[in-house]
Amino acid sequence: MKRTEPLEMYQPTSLQEASRLVKKNGPGGRFLAGGTDLVIAMKEKGLVPKYVVDLKRIPGLTGVRENTDGSITIGALTTMREIEISPLLTRKYPFLAQSAAEVGSIQIRNRATLGGNMANATPSADVAPSLIALDATAKIVGANGERTVALEKFFRGPGQSVMTADEILTEITIPKAPSRLVGEYIKFSPREMMDLAYVGVAVAYTFGENERRCQGVRIVLGAVAPTPIRARKAEAVMEGQLLTETLAEKAGEIAAQESKPISDVRSSADYRRAMVGAMTKRALLNAAVGPAKSWVERRERRY
Ligand SMILES: Cc1cc2nc3c(=O)[nH]c(=O)nc-3n(C[C@H](O)[C@H](O)[C@H](O)COP(=O)(O)OP(=O)(O)OC[C@H]3O[C@@H](n4cnc5c(N)ncnc54)[C@H](O)[C@@H]3O)c2cc1C
């Protein structure tokens, strides 16, 4: 769609200035990060923001760092590509790096930011399930100060989060995890590349010291409810139990019952629910054998 009026664009150099600009100019503005969602919405979906506040000149919003307490903080303007290849994340949480690698194409990942993926709040956002499985929190800064929200509680519905219009997501923090933590993210989209998830499943758990007992189990489903959701009943079935194929299958069946998919042009609700079952089972078993070594192996281990 062609704009009829010029677009007011601001490039603040501090968070305070950015939130002040939104307060001053009022509703109808948008923050801009990588632009891979916003520009498409403006060009193809008829979105006409009153003004745009570009966040890219604000220092301190990019990068992955390990804190002294062992937690890891990822700046909101860190790109998917940076997450995908981060030495720290690929070593500590390979399934999180893998979920970033699932986003679009390399061109998209070079622009798409973590903050944009969360703030856009699409139920199929690829990185959300892995981060929720890691008990991540979001730091949000606005004109009235800052607050921290569990990422699990961040999403409100399609395109909606707990943030108000003047608030900026500044970083995501993953608390220190036990050394024996394992995880997996599986995305189902028939075209494999450049397609949104029809279903996404992330799992994380730790093995007991001397046996394959699962503890701290997290099973998080994407694209099968208005927001990413934890399959808590399926988690409870796994908790404290020895990992077996039968148990993983049972957890999958329960996760499928917990999902609330819709039918749309891409897939029926029944098909999505069946995929949740198969993918949850596969993710729970894959996690135990460690991260896939290559794209080919990853593809073969999918469902
Ligand atoms: C061809 C294509 C393929 C794609 N494939 C996938 C895919 O496979 N998986 C997937 O998950 N996504 C996919 N996407 C969606 C998109 O790339 C991601 O959601 C991306 O991470 C958005 O980040 P961004 O920096 O581009 O956000 P932007 O477009 O800059 O912003 C998106 C929204 O978030 C707001 N926002 C951005 N940053 C902040 C912040 N720090 N604080 C507050 N609000 C903020 C903006 O105001 C805007 O409303 C695809 C997009 C395209 C165009």
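Student: In S14, which residue is the bridge partner of Val220?

Tutor: General idea first. Strands of a sheet pair through backbone hydrogen bonds, either parallel or antiparallel. Two strands count as paired if DSSP finds at least two bridges between them. Now the case here: the bridge partner of Val220 in S14 is Arg230. Strand S13 (residues 214-222) and S14 run antiparallel, joined by 2 bridges. Strands (E, at least two residues) and helices (H or I, at least four) are DSSP runs, numbered from the N terminus.

Student: What should I know about the model and numbering?

Tutor: This is a predicted model, where local features need pLDDT of at least 70, side-chain atom pairs count only at pLDDT 80 or more, and totals for chains, interfaces and linings use all residues. Residues are numbered from 1 along each chain as its sequence is written, and side-chain values use heavy atoms, with hydrogens and water left out.

Student: What is the strand order in the open sheet of 4 strands?

Tutor: The order is S11-S12-S13-S14, with antiparallel pairing. Strand S11 (181-188) and strand S14 (229-230) are the edges; each has a single partner strand, so one side of each lacks a neighbour in the sheet.

Student: Which strands does helix H5 lie across?

Tutor: Helix H5 (residues 94-101) lies across S11 and strand S12 (199-207). Its angle to S11 is about 20 degrees. Contact means heavy atoms within 4.5 Å. Axes are lines fitted to C-alpha atoms, for helices over the stretch in contact, and angles run from 0 to 180 degrees between N-to-C directions.

Student: How many residues lie between S6 and S7 in their hairpin?

Tutor: There are 2. Strand S6 (residues 137-142) and strand S7 (residues 145-150) run antiparallel, joined by 6 bridges. Thr137 has Ala150 in S7 as its bridge partner.

Student: Which residues come nearest to the ligand?

Tutor: A residue is near a molecule if one of its heavy atoms lies within 4 Å of it. Of the 34 residues around the ligand, the nearest are Phe31, Thr36, Asp37, Thr113 and Asp126. They divide into 18 nonpolar, 9 polar and 7 charged. Here Ala, Val, Leu, Ile, Met, Phe, Trp, Tyr, Cys and Pro count as nonpolar, Asp, Glu, Lys and Arg as charged, and the others, Gly among them, as polar.

Student: Which polar side-chain atom lies 2.7 Å from a ligand nitrogen atom?

Tutor: One of Asp126. A polar contact is a pair of N or O atoms within 3.5 Å. A polar backbone atom of Gly34 is 2.7 Å from a ligand oxygen atom.

Note on methods
Polar contact = N/O pair within 3.5 Å; in protein donor to acceptor, adjacent residues only side chain to side chain.
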